[in-house]
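Colleague: Before we go through this model, please show me the sequence and the coordinates. I will then ask about strands and a few backbone details.

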Amino acid sequence: MTTRRALVVGGGPAGLATALALRDAGWDALVLERSADVRPSGVALTLWPNALSALAAVGADKPVRAAGCPADGNQIRAADGRVLDDVPGPLMAERFGGRGLALLRADLVEALRAQLSPGMLPTGARCVGWTESGDRVRVTLADGGTEEGDLLVGADGLRSTIRRQLLGGGADPLRYAGYPVWRGIARYDLGAAPGLLTMGRAAQFGLFPLPEGRAYWFATMPLRRGWGEQLPRRVWAARFDGWHAPIPQVLAATPDEDILVTDIYDRAPVPRWSAGRVVLVGDAAHPSTPNLGQGTCQALEDAVVLGRCLRDDDVAEALPRYEAARRRRADGLTRQARMLGRVGQWSNPVACWIREQMIRRAPAGPRLRQMAEMFAFE
């Protein structure tokens, strides 16, 4: 029997995990990565129990865990340090099957790449378009070359070339979320600390421990599009002066070269992620704001479910099953993340006080059930 061949456009976590899942399903997967530089970009990210379950399904959880640092629970605080919500590590492990994990994006990519066979990941292979004919799909590369297969997977992120051709770019605009995010790696040892989100007036700060005595942090505040890159560090960092320890100390311990700022965008959910022999995964399918920490987690879920659907069924049957299994969950989290992003931008003191009371007084049972649903994946 001839091995079926899949072309996966994009060599980030979504594309690499998809290649592993398809390989396990009996496919020959080729990952086409546009960058000629094999060094991964980005700063750090968080993975939650659902993501680690997805990685276990493709045999990559152990090397990823070895590269990361578990967070001993999850907290939400006010800028003065008052704890608004606290889910300790042991409770997370008991209720959700595990804790959160923070690691460098580069380390996640390298751990996934190490599971691939030689030749599965050519670099400098930038896809500029595709055509479909009968039971085959062909990708055209920027250098004039082509690759052909039985399936094309768009795992090429927020500005996906595959999505633009599949759905039509003009009818599917990016939506600016109203804020940039600064991300950084500090030479600061948090010890066995929980993952932390601190909410202040028109600003938020997140903080997670990393291996080797480092810390990963992110900060947001409402700004016009493009202003984040222009704002001097002394200006935006001053917003967090007087916030609870160790936020000012972590910022002071972060070199300029270890800070990355990007405007945040998402897209409105769409009614389909596939057509014919072409399908989308990860940010190419459901780009989300980062407020739930579920972007990469949902991409890894996509990869596993797509692989399961393609194990036995032909493409025409498998892709609708994949969409049916994934769209409601991923789109729901996209909407929820956008809503939380708006709430995090509140600046009115009364509104911020109400927000704090809502978080503090929320019944524990419904809150834990909501988290259990978000973190569940088998």
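Colleague: Which residue in β11 does V9 stand opposite?

Modeller: This is a predicted model. Strand β11 covers residues 151-154 and runs parallel to β1, with four bridges joining the two. Within β11, the residue opposite V9 is G154.

Colleague: And in β2, which residue does V9 stand opposite?

Modeller: β1 (residues 5-9) also pairs with strand β2, residues 28-32, in the parallel sense over five bridges. In β2, V9 faces L32.

Colleague: What is the handedness of the β-α-β unit made by β1, helix α1 and β2?

Modeller: Helix α1 spans residues 13-24 and makes the unit together with β1 and β2. The two strands of the unit are parallel partners. The handedness of this β-α-β unit is right-handed.

Colleague: How many of the five residues of β1 are buried?

Modeller: A residue counts as buried when its relative accessible area is under 20%. Strand β1 is largely enclosed by the rest of the structure, because the number of its five residues that are buried is four.

Colleague: Turning to the open sheet of three strands, which are its edge strands?

Modeller: The order in this sheet is β8-β9-β10, with antiparallel pairing. From one strand to the next the twist averages 20 degrees. An edge strand here pairs on one side only, and that describes β8 (127-133) and β10 (146-149).

Colleague: Which residue in β10 is the bridge partner of T140?

Modeller: Strand β9, residues 136-141, pairs with β10 in the antiparallel sense over four bridges. The bridge partner of T140 in β10 is T146.

Colleague: Is A202 buried or exposed?

Modeller: A202 sits in the loop between β13 (195-200) and β14 (203-210). Its phi is near 55 degrees, a positive value in a residue other than glycine. The relative accessibility of A202 is 11%, and the cut-off for burial is under 20%, so A202 counts as buried.

Colleague: Is E212 buried or exposed?

Modeller: E212 is not a glycine, yet has a positive phi of about 60 degrees. The loop that holds E212 lies between β14 and β15 (214-220). With a relative accessibility of 72%, where exposed means over 50%, E212 counts as exposed.

Colleague: What is omega for the cis peptide bond that joins A245 and P246?

Modeller: P246 is placed in the loop between α8 (233-238) and α9 (247-252). The bond joining A245 and P246 is cis, with omega at about 5 degrees.

Key
Residues numbered from 1 in each chain as written. Predicted model: local features only at pLDDT ≥ 70, side-chain atom pairs only at ≥ 80, totals over all residues. Heavy atoms only, no water. Pairing = 2+ DSSP bridges. Axes fitted to C-alpha atoms, helices over the stretch in contact; angles between N-to-C directions. Buried < 20%, exposed > 50% of the residue type's maximum accessible area, 1.4 Å probe, protein only. Right-handed = clockwise from strand over helix to strand, strands pointing away.
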